[in-house]
Amino acid sequence: MGILSRVESFLERFLEAPAGRLGASIQPVSLAKRIERAMDTNKTYGNAGVIVPNQYDLHLHPSDFAAFASYRTSLQDDLAHGVLARARHERYTLVARPRVEIVSDEGIRRGEIKVAANVVDQHGDRLRDAAPMPASSDTMVFDRPADADSPDSARRAYLLVSTRGSNPVQFDLGGHLIGIGRASDNDVIVDDPMVSRHHCQLRLQHGAYSFADLGSRNGATVNGQQVSQVALGPGDVIRIGDTEIEFQVRS
């Protein structure tokens with residue numbers, strides 16, 4: 001290790017000394033910064049661009065873990081959304097929906113944060129080679145297998161999603177429930193401040209899809225009409241915020 005690397009390593013350890021030793025508690029921003037570092041440290045290069053981990057397990061001492069207990073689920077979702085936002089900004093590539101898990105670990109000293117970053121599929125299984133999903137678009141969709149009992153009509157349905165006039169992104173349907181919004185746990189994730197975190201859903205009922213607004217802040221229209229729930233047909237256009245979603249069915 002060169003002298004500059006040793007100095008950099010020393011300063012890093014000093015400036016990010018465990019919070020417990022400095023008399024402070026771990027803050028959410030510290031978790032976000034450690035995720036960013038793990039993202040940069042574990043990136044790989046391929047034909048599709050720079051691939052970064054999409055699964056981040058944050059190991060904390062039980063006392064630090066307890067400090068986040070009351071809002072851990074929402075914090076994990078916010079951190080996952082931060083992964084998505086940074087991947088978009090840096091034009092990194094993800095292979096599946098980002099996930100963050102905060103874990104209680106007695107083997108970690110108080111005030112420390114240990115990050116395990118991996119590339120995993122939708123089921124959480126580690127991957128070596130995967131078809132990546134570019135993260136630079138305003139809209140991101142992640143492949144999910146169609147439900148085994150889905151009718152052929154549902155498997156032939158798809159969405160064309162465009163935010164602020166960007167090139168449409170295609171999302172093949174087939175599942176019984178499709179979530180759309182800004183939050184990272186949606187099936188269709190849009191980077192649109194006018195769209196709620198969980199804005200709307202498509203529901204498969206009796207072989208056909210219907211649209212349902214989830215009490216969103218700005219509502220939704222289908223073919224220019226304000227709606228809360230409506231059956232969908234080929235060519236129908238849903239608009240939420242500055243995002244346009246066209247529903248189509250292959251012949």
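Does arginine 91 count as buried or exposed, and at what relative accessibility, is asked here as: which class, buried or exposed, holds arginine 91? At 60% relative accessibility, arginine 91 counts as exposed, where exposed means over 50% relative accessible area, buried under 20% and partly exposed in between (1.4 Å probe, protein chains only).Is arginine 91 buried or exposed? At 60% relative accessibility, arginine 91 counts as exposed; the term denotes over 50% relative accessible area, buried under 20%, and partly exposed in between (1.4 Å probe, protein chains only). The model is predicted, with local features requiring pLDDT of at least 70 and side-chain atom pairs pLDDT 80 or more, whereas totals for chains, interfaces and linings use all residues. Residues are numbered from 1 along each chain as its sequence is written, and side-chain values use heavy atoms, without hydrogens and water.

Arginine 91 occupies the loop between α4 (72–90) and β4 (93–94); helices (H or I, at least four residues) and strands (E, at least two) are DSSP runs numbered from the N terminus. Its phi is positive, near 60°. Most residues other than glycine have a negative phi. Arginine 164, in the loop between β9 (157–163) and β10, has a positive phi near 55° and is partly exposed at 43% relative accessibility.

Serine 184, in the loop between β11 (177–181) and β12 (188–190), is buried at 2% relative accessibility. Its side chain makes a polar contact with that of aspartate 77 at 3.3 Å (a pair of N or O atoms within 3.5 Å; within protein, one must be able to donate a hydrogen and the other to accept it, and residues adjacent in sequence count only if both atoms are side-chain atoms).

An open antiparallel sheet comprises six strands in the order β10-β9-β19-β18-β15-β16, pairing requiring at least two DSSP bridges. Strands β10 (169–172) and β16 (225–226) each have a single partner, so one side of each lacks a neighbour in the sheet. Valine 222 stands opposite glutamine 225 in β16.
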